[in-house]
Amino acid sequence: MIKTFLDVQKLSITLKTHNSQTHLGSNISFDIQEREVFGLVGESGCGKTLTALSIMRILPQNISSEGKVLFHGNDLFSLSEEEIRKIRGKDISMIFQEPMTSLNPVLTIGTQIAETLMTHLNISKKEALKRAVELLDAVRIPSSGPRIKDYPHQLSGGMRQRVMIAMAIACSPSLLIADEPTTALDVTIQAEILNLLQELRHQSNMAMLFITHDLSIISQQSDRVGIMYAGRIVELAPTEDLFYNPAHPYTQGLLASLPSQRGVALKPILGLVPHPANLPRGCKFTDRCKAMLKECHDKEPELLEISEKHFVRCIKCH
Ligand SMILES: Nc1ncnc2c1ncn2[C@@H]1O[C@H](COP(=O)(O)OP(=O)(O)OP(=O)(O)O)[C@@H](O)[C@H]1O
Ligand code: SF4
Ligand SMILES: [Mg+2]
């Protein structure tokens with residue numbers, strides 16, 4: 001039997017406080033094939049980052065996740081802490097949403113990249129520093145030799161993001177999780193970083209989980225897309241199919257709200273993503289859905305296949 005590269009099955013994510021439990025994610029299932037780029041898209045607070053942190057097993061202490069995350073058939077949730085540490089940063093690595101919080105301000109970037117290498121590969125510090133210079137070259141940081149002695153605050157936002165990418169690809173992972181890798185950057189730098197990620201992906205054949213709130217970025221970056229809303233996947237399809245035949249009213253709303261070519265936002269989706277502690281009954285999109293029916297309040301729709309490889313969580317599409 002062929003083992004799926006990454007298979008996330010029925011992931012649920014729960015916030016526990018001393019007297020309550022809040023579900024932040026529910027029934028999240030998707031897979032990623034070798035060398036595939038899978039885009040995870042949704043508005044702020046939909047659960048994209050927590051899904052990624054669950055896969056990496058680095059959730060904050062008060063949040064836990066259940067379900068299965070099979071990587072080459074092995075459930076990452078059943079590995080010991082030591083076993084998952086060997087995979088994290090080596091086979092699966094992540095570019096975090098906040099580059100400044102994930103770089104250590106008191107260590108030079110060379111030392112930080114070298115430490116990642118020495119943790120996973122059996123090499124000396126001298127070799128690791130040499131490799132760090134090569135990695136800075138690979139992410140197009142000019143004057144890479146002297147630059148390895150720089151501290152994060154000496155770099156621009158775009159350069160810091162390149163360092164984060166260099167650290168993430170240091171051990172040639174087969175899966176790279178990129179969480180909003182360009183959100184904090186201006187448009188020109190954004191395009192450069194996206195091109196760099198595409199190039200690196202082709203050179204190294206790695207798969208990617210690409211997280212963004214921006215559907216327009218996804219159209220150029222990913223092979224398949226999962227749309228998240230209120231901690232659920234509500235639509236999942238090959239990218240082209242999703243753009244030409246969006247089926248879920250939320251996806252249709254996201255597409256309609258994309259800026260036109262003249263930069264004018266067309267029709268934003270009215271309202272806000274509901275707070276996880278206060279989700280509507282039945283379908284979680286009811287309070288913002290223009291197509292809502294009375295039955296939508298009764299039962300949460302399942303994610304069902306409506307055409308080949310195209311899944312939707314909406315009773316109107318079933
Ligand atoms: N440490 C935490 N403690 C409590 N609630 C949290 C914590 N982290 C996230 N949440 C809540 O979980 C939900 C999902 O958060 P998550 O960060 O995964 O969203 P996101 O889709 O990545 O959003 P964004 O686009 O803003 O990054 C949100 O309602 C958020 O407020
Ligand atoms: S199930 Fe109903 S409320 Fe939910 S997206 Fe479909 S039509 Fe809208
Ligand atoms: Mg996030």
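**Entry 1: helix 4 and helix 7**

I began with the way helix 4 goes past helix 7, and I noted that helix 4 passes helix 7 in a right-handed crossing. Since I am working with a predicted model, I take each value here as something computed from that model. I then looked up the geometry of the pair: helix 4, which covers residues 109–120, packs against helix 7, residues 157–169, at an angle of about 20°, and their axes are 9 Å apart. Angles under 35 degrees count as roughly parallel, so I wrote down that helix 4 is roughly parallel to helix 7.

**Entry 2: helix 4 and helix 5**

Next I stayed with helix 4 and turned to helix 5, which spans residues 125–138. I found that the axes of helix 4 and helix 5 come within 8 Å and that they cross at roughly 115°. This makes helix 4 roughly perpendicular to helix 5, and I recorded their crossing as right-handed.

**Entry 3: helix 7 and helix 8**

I went back to helix 7 and looked up how it lies against helix 8, residues 187–204, and I noted that their axes come within 10 Å and cross at roughly 15°.

Which residues come nearest to ligand 1? I listed 15 residues around the ligand, and of these Ser44, Gly45, Lys48, Thr49 and Gln97 come nearest. When I sorted the shell by class, I had 7 nonpolar, 5 polar and 3 charged residues.

**Entry 4: contacts with oxygen atoms of ligand 1**

Finally I looked up some atom pairs, beginning with the backbone, where an N or O atom of Gly47 lies 3.0 Å from an oxygen atom of ligand 1, while a backbone N or O atom of Leu50 lies 2.9 Å from an oxygen atom of the ligand. For Gln97 I noted a side-chain contact instead, with a polar side-chain atom 2.8 Å from an oxygen atom of ligand 1. Taken alone, ligand 1 exposes 630 Å², and I recorded that the protein buries 69% of that.

Note on methods:
Residues numbered from 1 in each chain as written. Chains lettered and ligands numbered in written order. Predicted model: local features only at pLDDT ≥ 70, side-chain atom pairs only at ≥ 80, totals over all residues. Heavy atoms only, no water. Near = heavy atom within 4 Å. Polar contact = N/O pair within 3.5 Å; in protein donor to acceptor, adjacent residues only side chain to side chain. Areas by Shrake-Rupley, 256 points an atom, 1.4 Å probe, with all protein chains shown as cover. Nonpolar A, V, L, I, M, F, W, Y, C, P; charged D, E, K, R; others polar. Axes fitted to C-alpha atoms, helices over the stretch in contact; angles between N-to-C directions. Helix = DSSP H or I, 4+ residues; strand = E, 2+ residues; numbered from the N terminus. Parallel < 35°, antiparallel > 145°, perpendicular 65-115°, else oblique. Left-handed = near helix turned anticlockwise from the far one by under 90°.
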